[in-house]
Amino acid sequence: MAALAVALLGFLVLVKSAPVQQQKDEFDPAFPEEVPGMWEGDINEPLMFNPKHRNAIRNRAYRWPNGIVPYHISSAYSSHDRATFLSALQSIEESTKVNGHTCIHFVPRTNQHDYIDIRRETGCHSPVGRHGGHQVISLGHGCERKGTAEHEVLHSLGFWHEQSRYDRDNYVIVHWDNVQHGREHDFNKHSSSDMDLLGQPYDYGSVMHYGAYAFAKDRSKPTLTPKKSGVTIGQRVGLSREDIKKIQLLYGCH
């Protein structure tokens, strides 16, 4: 009996000390940008859009005409969360102005056909670019931060993740052995023929960059390591200078 108790205790210690293995079909509220079934974790692709031929930011049809983006924010949010999301929209609008002229203008939706609808679904996700009609930006539990809202809104403006650039291997190391099984495709690179870098350098500080532990099997070990020392990836505080410049270039406001 004593031997059995010792064996059981040893087993419990082993289980407790083993790294947590995150499965690809489990939603982890601590990582709300990793939504099961979403491309690259937080991109909701319309059926018409083939993720293997991603050219939304090269095609003006996927941009918002004249940079005007009608929006609706669900009344189910608290007044604090609504204020946070409105602050995110205002920050994008104000920071991208050129010589006092608005580049991106968010307007409350009245009867416009095309608009973004910010609502609480599972996790954080958005389609990339404008696809016509009512399109949802989900800011669920864990997504109620200004920088996270900016990240998802930038997807809707036409931006992909920074680390999916075709030149990313010059700047970060992908630790494939720690990527969750079945989520390897979320670390795919775009080709030079289907992604426009807008002539801008790689931006470790972009609000569009994955964090170091994105889709990690063992959350104590990174899946992405910058090749440049002293930099941090995955910030969700606000737009970087390069994020601002890219928006201006994409919408012809430079």
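Hi everyone, let me start with a cluster of charges: Glu162, Arg165, Asp167 and Lys246 are linked in a network of salt bridges. By salt bridge I mean a side-chain nitrogen of Lys or Arg within 4 Å of a carboxyl oxygen of Asp or Glu. Before going on, a word on the model: it is predicted, local features need pLDDT of at least 70, side-chain atom pairs count only at pLDDT 80 or more, and totals for chains, interfaces and linings use all residues. Residues are numbered from 1 along each chain as its sequence is written, and side-chain values use heavy atoms, with hydrogens and water left out.

Back to the charges. How many salt bridges does a search of the whole structure find? The search gives 11. In one of them, Arg183 pairs with Asp186, with the closest N and O atoms 2.5 Å apart. Are these two buried or exposed? I use buried for under 20% relative accessible area, exposed for over 50%, and partly exposed for in between, with a 1.4 Å probe and protein chains only. Arg183 has a relative accessible area of 4%, so it is buried, and Asp186, at 0%, is buried too.

Another salt bridge joins Arg119 to Asp117, the closest N and O atoms being 2.7 Å apart. Here Asp117 is buried, at 5% relative accessibility, while Arg119 is partly exposed at 32%. Then there is Glu144 with Arg120, at 2.8 Å from N to O. Glu144 sits in the loop between β5 and α3 and Arg120 in the loop between β3 and β4, so this pair ties together parts 24 residues apart in sequence. For those labels, helices (H or I, at least four residues) and strands (E, at least two) are DSSP runs, numbered from the N terminus.

Now the disulfides, meaning pairs of cysteine sulfur atoms within 2.5 Å. The count comes to two. Cys103 and Cys253 form one, with their sulfur atoms 2.1 Å apart. This pair links distant parts of the chain, 150 residues apart: Cys103 is in the loop between α2 (79–95) and β2 (105–108), and Cys253 is in the segment after α4 (241–250). The torsion about their S-S bond is about 80°, so the disulfide is right-handed.

The other joins Cys124 to Cys143, S to S 2.0 Å. Cys124 lies in strand β4 (residues 124–125) and Cys143 in the loop between β5 (134–139) and α3 (146–157), so parts 19 residues apart in sequence are tied together. With a torsion of about -95°, this disulfide is left-handed.

On to the sheet. Five strands form an open sheet in the order β2-β1-β3-β5-β4, with mixed pairing; two strands pair if DSSP finds at least two bridges between them. The edge strands, β2 and β4, each pair on one side only. β1 and β2 run parallel and are joined by four bridges, and one example is Val69, whose bridge partner in β2 is Phe106.

Finally, the inside. A nonpolar core here is a set of buried Ala, Val, Leu, Ile, Met, Phe, Trp, Tyr and Cys residues joined through side-chain atoms within 4.5 Å. Which residues of the largest core touch the most other members? Of its 32 residues, they are Leu154, Leu157 and Tyr251. Apart from that core lies another, of 12 residues, among them Val172, Val174, Tyr210 and Leu224.
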